[in-house]
Structure formats: C-alpha cells, structure tokens
There are 2 protein chains.
Amino acid sequence: MLPTAPIIVLDSGLGGLTVVRALREKSPGENIIYFGDTARLPYGTKSGETVTGFVRQIITYLQRFCPKHVVIACNTATALALPKLKTEFEHLPITGVIEPGARAAIHAAGNKPAPRIAVIATEATVKSKAYEQAIYRRRHHAVMDLMPATLLVPIIEDGRNENDVIVRVALTQYLKPLIDRKPDVLVLGCTHYPIFKRLITRMMGSKCRVIDSAEQCAQDVTQRLAISGMAAPDQTVGSLNCFVTDDPDKFRSLARRFLGTELQQPTRVTPEELNAELSPALSMRKAG
Amino acid sequence: MLPTAPIIVLDSGLGGLTVVRALREKSPGENIIYFGDTARLPYGTKSGETVTGFVRQIITYLQRFCPKHVVIACNTATALALPKLKTEFEHLPITGVIEPGARAAIHAAGNKPAPRIAVIATEATVKSKAYEQAIYRRRHHAVMDLMPATLLVPIIEDGRNENDVIVRVALTQYLKPLIDRKPDVLVLGCTHYPIFKRLITRMMGSKCRVIDSAEQCAQDVTQRLAISGMAAPDQTVGSLNCFVTDDPDKFRSLARRFLGTELQQPTRVTPEELNAELSPALSMRKAG
C-alpha cells in the first residue's frame, strides 16, 4: 500500500462532502474517492439492518480502488453499521464521525466533571445511543440531551438557506428544548448540519461551544495517516472522484454548496450494480 | 385468473395506504397485497431510471402472488415508471394514480373551456409533466400551475399533524402562489397529501375544488374490475397483507394514521432479496 492510494469517503448523499472539504483543507495532497448513495437516501430514518446492508455493498464495490482508508462520513451509518463492518472488513482501516465528535465535545467541555452535552442528530443516530456510549466512556458524569432532528436533512437536501422561514422554524423547534437546558457543548451529530453552523451557533448563544463532527472527523483521519506514515505528499494536488447511485447532474449542481468549489462530473453506479457485487453467483464466477 | 386473486397496491412508503383505505371502503371483498419500499423512500426526489428500477424489482417479486391487477399508488412512480413497465409486463393490468386524478380534475372543472387547474406534487412528478399531458389531452385550453412540494412527504412521514407550525408554514409556502392565481381545481398529486386534505381545502377557499388522487385511483380500479367481471364477491371480507423493505414495526405503527385501522404485522423483504429476483444467474437457476 502506498501513501498515494486513495481515501474513500462515503455518505448517504451530500452531507459527507463537508468532511471532504475539511479533509482537502488539511491535506490537499490526498486522492479522495467520494460515494453518495443518492438513490437510497436518507439513511437517518431507516433501520440498522438496512443501513448496514447498503454500506456493506458500497465498501465491497469500492475495494477495487485499493483504498488506504475508508471514512464513513455519515453519523447514522457510523452509529448503525461501523462496528459490524469493521469486523467484516478487518484488513481495511475504517473510521467514522462519532468518536472524533465525542472526543472534541469532551475537550471543549474542559475540566468540568459533569458537563452538559447536547447532540442533535438523525432519529436513527439518537436511537442507537452511539453518542451516549462514546461520551460516557470519556466522562462518566456528563449530562446528555439528545434531540432527533428528522427534518433537517430533507430541508438541507432541498437546498434551503438560513433565511428560509422553514429553516428558522425547524431549528427553533429542535434547539429550543436544548437551549433551555443551558448546555456547555452542542454536537452537530450529522454531517449535513454544518451547512447551518453559523445560524445554530448564534441561536445557542455565546456560552455554548458548537462541535462540527465533519471537521473533527477530517482532523482524525489526517492524524491517523500521519502517524502510520501513510499521508500523501503535500506538494502534490490530490484528486477528487465522485460516485453516486442516482442522477449525477443533480448531485453535481447541489454539491457546490457543501464543497465550496466545482465538482468533476460524478460517475453513476446503479443499486443493481452494487448488489451484483454481493451475489453469490458472481463471487463464484470471480473465483472460478 | 379468478376474481378472488389479489390486487397489488405499491408505493414508496405509507402514502399508498390512502388508496388502500379508499379501495376497502368501495370494495370490501378484495384481497389486497400492499408493498411499501420503505428502505429506499422517498421516490419523489429521485430520477426516472432509479424509480423505474425499484418498481420493476417490486412487480417482478410480487408476480408470485398471481395478481389480477397492479396499482402503482404513487404519483412519482406513475409519472416516471408506468409507461415503461406497462410495456415490460404486458400480460399484467397495471394502472396508476395520474389518469384518474386528471379525469376527476376535468370533471370538477365542469364545462369551462379554459379552467385553471393547479397541482401540488413531488419534484419528480412536476418535472415529468405527466399531469400536463393527462390534462391537456382532455382540455386543450386548461391553464395549469404546478408546484413541487418537496418537503411535504418527509413532514408527513415524520408523523406531524395539521396543528404543527412547520406543516402550516410549509403549506403556506407551497399553496400561497397557487391561491393567488385563483384556481378552479387543485389536484393533490401525491398519495401522501390526503392526510392534510381538510386543512388544504380550507386554505384554498370555497371556490376551489380539491381532488384527491388516491380516492380517484381507488374508484378507477373498482370500475375496471367491475367492467371486466373480475370484482371479488362483496359478501366476503377481503384480506390485507403488507410487505415492506425496512423495519416492519415502524411501518405498522405509522400505518394506522393512513389506513384508519390497525394493520397485521408486515413481512420484510430486503432490497437484496428484491434484487436477487432480477439477477441473470438466478433466472438461469430457475429455468434449469
């Protein structure tokens, strides 16, 4: 494996591009392959079995690129699928967004023995209790408040901005009960949410630190690669290639907002093609 | 084929249950098999190729039940997939929701030569122009206004009711530009929307007739079966069996609102199982 091997970043749709953006700022030399499962999004309202099945197909498909690292840049998929898939693909370094987010939340809480930590996330991430586990392991007496914010992903995928009334009403509904509890830290537990980070930070008030799990995840990957001597040389400019399961044009036109720059045309992989990778008949054919 | 053979009703999720409800009121003796593709919903923001692929898999899978009729109880799937799948499954009578909805809209407009007809629907249904085609064919000089209402499906699948601020704000955003144009008729061009029919009717005012495409679709199926002598005998009580691609418990708990009664536990069919039906290797095995 060479340091020039690609990093895979995968998500249900556009949200994971916030991780790609942070990663490219920190490590511009890395070659990145992004996968957005736009035909089957969202993940945040679906079951662990379903989401694990989808992510398993994607990783299986992307192994052909011999990645040096796989980032599950989606909190729901990290919560529901990462532990199982880490075992199944034990030769591949796979990391997610929740551990870095939890670590940063504890760091931001300083030395308070019982900091109040709030998390907004998808319904599936909240139900999984993955954030509670990751935070309690580091600070037993943290006081946690979790809020499922089901509509934020569809609202963001709909391209709405901070001035839209629906955005303001939805954020007020989701954040008001958290604000009332005066948290020390709020974790944005979904890689879509950094799109509204400025507004959320203002709403939470100056006493609450807002943690962006996408940003933390990118930092975590950069550090891991540096430690293992697998970071790409900085003097090169890394590539970004995208794969999507639905319409590439639509993805490309919405991606700018998440990535901050223009994207090369993504390649479409249909759900049927993903599935074919897993069919026993096909595996036999490959083995033969 | 016997009149007791089942009717298949399929949708991306819960919306098609509004068709089932109307169908059971009109024809209580029919045996109904419902399929909700909850692992891959919503359909309304996705491409024609993707939605056609999903619906093709579902119909292929459900052919084992030897249905006498297939109803695509989803406006998006009707708009994007019905014409193609009708040709592919030519031995099967397949109908959708758009033709009955358009017919009812024209009927409601009375003898006005140029009635003003508004339609709210998903982004994909609006883009397909299926409603324009179905209406202009019947009334060349109709004046049409189409409004994509992207967030209504996620809002309804989130279980929100008519008193919720987000519901009111979203409906106002979507309906206000239509109300300003003083339509004679508004078509609810998505089988989810009848959940808010009362509120929408009130907002549109007494001069606008609101057409529920789910209701019209059920009436259309009942008439077709009666004409072809394939209606189930009325003295029996028909069954309702549901299949879903994601969590059956979640589906069951949300279904009550759409169906008006309790549901038997649905059967889960994973996307992988659906896909296996189409794999060439499997077809060969079956043929051999």
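Q: Which residues point one way from β1(B), and which point the other way?
A: In this predicted model, local features need pLDDT of at least 70 and side-chain atom pairs count only at pLDDT 80 or more, whereas totals for chains, interfaces and linings use all residues. Residues are numbered from 1 along each chain as its sequence is written, while chains are lettered from A and ligands numbered from 1 in the order in which they are written. Strands (E, at least two residues) and helices (H or I, at least four) are DSSP runs numbered from the N terminus. From β1(B), I7(B), V9(B) and D11(B) point one way, and pointing the other way are I8(B) and L10(B).

Q: How many of the five residues of strand β1 of chain B are buried?
A: A residue is buried if 20 or more other C-beta atoms, placed from the backbone, lie within 10 Å of its own. Strand β1 (residues 7-11) of chain B is largely enclosed by the rest of the structure, because the number of its five residues that are buried is five.

Q: Which residue of β2(B) stands opposite V9(B)?
A: Strands pair if DSSP finds at least two bridges between them. β1(B) and strand β2 (residues 32-36) of chain B run parallel and are joined by five bridges. Within β2(B), the residue opposite V9(B) is Y34(B).

Q: In what order do the four strands of the open sheet in chain B lie?
A: The pairing in this sheet is parallel, and β5 (residues 116-121) of chain B pairs with β6(B) over six bridges. I117(B) has M144(B) as its bridge partner in β6(B). The edge strands, each pairing on one side only, are β6 (143-148) and β8 (209-212) of chain B. The order is β6-β5-β7-β8.

Q: What angle does the direction of helix α10 of chain B make with that of β8(B)?
A: Axes are lines fitted to C-alpha atoms, for helices over the stretch in contact, and angles between N-to-C directions run from 0 to 180 degrees. Helix α10 (residues 213-227) packs on the sheet and touches β7 (185-189) and β8 of chain B. Its direction makes with that of β8(B) an angle of about 55°.

Q: Which helix supplies the largest share of the side of chain B that touches chain A?
A: Residues are in contact if their C-beta atoms, placed from the backbone, lie within 7 Å, and 27 residues of chain B are in contact with 27 of chain A. At least two residues each come from α2 (48-62), α7 (152-157), α8 (165-180), α12 (271-276) and α13 (280-287) of chain B. The largest share, five residues, comes from α8(B).

Q: Which element gives the largest share of the side of domain 1 of chain A that touches domain 2?
A: With bounds from an automatic or database domain assignment, chain A is divided into domain 1 (7-96 + 216-287) and domain 2 (98-213). Their centres, taken over C-alpha atoms, are separated by 23 Å, and 27 residues of domain 1 are in contact with 26 of domain 2. Elements giving two or more residues to the domain 1 side are α1 (17-26), α3 (75-88), α10 (213-227) and α11 (248-259) of chain A. The largest share, five residues, comes from α3(A).

Definitions and conventions: Contact = placed C-beta atoms within 7 Å. Buried ≥ 20, exposed ≤ 12 C-beta atoms within 10 Å, placed from the backbone.
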